[in-house]
Amino acid sequence: MKKTAGIIFRSVILLLLGVTIGLLASNNELNTRISFDGNDKISKVLDLVRHNYVDSVNVDSIEGTTVNRLLQNLDPHSLYLPAQQATNVNERLEGGFMGIGIEYLLLRDTLVITQVNQNGPAAKAGIIAGDKIIAVDHKGFSGTHLTVAKVNKIFRGPKDSHLLIAIISAGSKDIKFRTIKRDHVDLSSMDAAYMLTPVTGYIKISKFASTTDADFRKALAKLKVGGMQKLVLDIRGNGGGYLNTATALADEFLTKKQLIVYTKGVHEPRTDYFATDSGNFQHGKLAVLIDEYSASASEILAGALQDLDRAIIVGRRSFGKGLVQEQFPFADGSAINLTIARYYTPSGRSIQKSYSGGLDSYRNELAQRMRKGELFSEESNLKDSIFKVPSNYHTSSGRKVFSGGGIMPDIFVPADTMQNSYLLQELNNRQVFSAYVVDKMQPMLSKYTSDDDFIKHYTVSDAELGNFIRYASQSIKRIDPRDLQKSKESIKTQLKAFAARFKGGDEAFFKVINADDAALKKAVEAL
């Protein structure tokens with residue numbers, strides 16, 4: 001049985017409403033059985049709609065909406081997942097899917113490859129970043145009203161099935177053909193791992209997937225060879241994932257028999273998760289970066305390391321999700337994620353923020369933090385009502401820590417207002433940085449021997465920035481000059497980072513982004 005901070009997977013089959021549901025526990029004993037006799041109200045109403053309603057309707061859609069509304073009345077994290085969404089969630093956390101292994105940009109109704117997964121099917125076939133796919137299996141592809149759904153349908157498929165694609169490489173007009181054999185494509189949760197200083201390493205993790213701990217161990221071993229004695233672990237923006245991955249990662253830093261987290265619910269007895277003695281970084285100095293988007297499994301890890309005085313937590317108050325979900329799949333591929341327990345840090349804290357104000361209030365809570373100034377001032381955080389109540393929770397050394405509403409960092413770092421401008425958000429949402437790199441910067445990038453060479457020697461000039469803004473104005477019709485002036489340096493950094501990513505991947509991107517990152521600098525200073 002796989003437990004997660006967000007989801008718990010069991011080997012169960014749940015048929016649609018109106019039939020018997022069986023939950024199979026890990027000991028293979030049937031521990032729960034719920035029978036519907038066909039007279040329950042949900043099934044009856046759907047049946048009436050299906051056979052008696054005046055117009056033709058999509059009952060499956062109504063059914064999904066009805067189930068989701070029922071679940072959302074329980075808590076914000078119990079929800080219904082349509083089949084494709086359930087598949088996407090599971091692939092993301094299981095660490096891969098069957099396909100060809102590319103990232104791409106749809107530019108003027110043409111698919112341009114922006115990244116090729118190392119050792120994936122496309123890489124083995126000789127596909128490189130910058131290639132444009134114009135035909136697939138002798139059928140026109142470019143200019144056929146491409147969508148993400150259409151691309152996924154064509155490129156994903158059974159293992160060892162073949163695709164014949166026609167490509168045009170950057171700077172060429174010649175058409176080349178490549179045969180690609182679909183295979184398992186790994187989705188790594190390790191965004192970057194490199195040395196910040198001669199003795200300080202940096203690792204960024206984007207999610208807690210089934211492969212994360214193994215990826216982390218490989219990255220840690222590489223950094224140790226490079227002389228690492230201290231580590232900055234970046235889980236900013238990490239929305240969580242598997243509970244057992246979070247505990248496995250915590251185990252890398254803790255010693256035998258230390259309590260990492262415990263879970264319990266009305267129907268779930270208390271379960272304690274302890275560290276073993278197998279960790280690979282039990283004694284080196286450690287700092288953990290969090291922000292308002294660090295949630296669930298991220299908060300389990302940060303909370304454990306804070307409570308046990310194992311790490312310095314740097315950044316801003318985390319999201320505040322302390323609920324555990326179990327995923328129950330339906331026969332049609334859809335599923336429900338049902339909250340079955342709460343989790344508690346070693347000191348006994350629940351970090352789940354309140355959802356008593358309803359779903360809309362819960363979803364707008366981060367915006368409320370911004371309006372109240374909490375992202376920019378530590379004092380504004382402490383004025384929040386959840387922190388006015390005296391804390392009964394303390395770390396192993398006796399330091400006071402707060403319960404409810406997320407993990408409060410030991411060192412607060414305000415959000416960068418330049419990074420939160422409307423213009424920057426629009427440029428990212430419309431993928432203008434990637435488009436400009438693909439359209440305009442490839443000839444220049446080819447002059448650099450490596451991504452490190454590019455990062456070290458390339459600077460975005462004011463002239464290049466002007467060219468970029470003119471290019472961006474084709475997508476964003478109204479660019480506020482004040483917004484542009486305020487975000488000028490951040491735009492330059494982002495443009496260089498996306499160019500570095502095109503040339504060298506995610507790690508190159510973060511090397512550029514992190515070069516002037518205030519929270520990272522604070523973490524290094526704290527170590």
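A salt bridge is counted here when a side-chain nitrogen of Lys or Arg lies within 4 Å of a carboxyl oxygen of Asp or Glu. Side chains of opposite charge can pair when their charged atoms come close. The model examined is a predicted one, in which local features need pLDDT of at least 70 and side-chain atom pairs count only at pLDDT 80 or more, while totals for chains, interfaces and linings use all residues. Residues are numbered from 1 along each chain as its sequence is written, and side-chain values use heavy atoms, with hydrogens and water left out.

A search of the whole structure gave 29 salt bridges. In one of them, K159 pairs with D183 at 2.7 Å, N to O. K159 sits in the loop between helix 5 (148-155) and strand 10 (162-168), whereas D183 belongs to strand 12 (residues 183-186), so this pair ties together parts that are 24 residues apart in sequence. Helices (H or I, at least four residues) and strands (E, at least two) are DSSP runs, numbered from the N terminus. To describe how covered a residue is, buried stands for under 20% relative accessible area, exposed for over 50%, and partly exposed for values in between (1.4 Å probe, protein chains only). K159 is partly exposed because its relative accessibility is 46%, and D183 is also partly exposed, at 22%.

A second pair can be followed within a single helix. R217 and D213 form a salt bridge of 3.5 Å, N to O, and both residues lie in helix 6 (residues 212-225), four residues apart, about one turn of the helix. Here R217 is partly exposed at 31% relative accessibility, but D213, at 17%, is buried.

D272 and R270 make a further salt bridge, with their closest N and O atoms 2.6 Å apart. D272 is partly exposed at 33% relative accessibility, as is R270 at 46%. Elsewhere, salt bridges with shared partners link R317, K353, E365, R369, K372 and E374 into one network.

The expected span of a helix is 1.5 Å times one less than its number of residues. For the 17 residues of helix 17 (residues 488-504) this should be 24 Å, and the end C-alpha atoms are 24 Å apart, which agrees. Helix 17 is mostly covered, with 12 of its 17 residues buried; among them are I491, L495, F498 and F502. After helix 17 comes G505, which has a positive phi, near 95 degrees.
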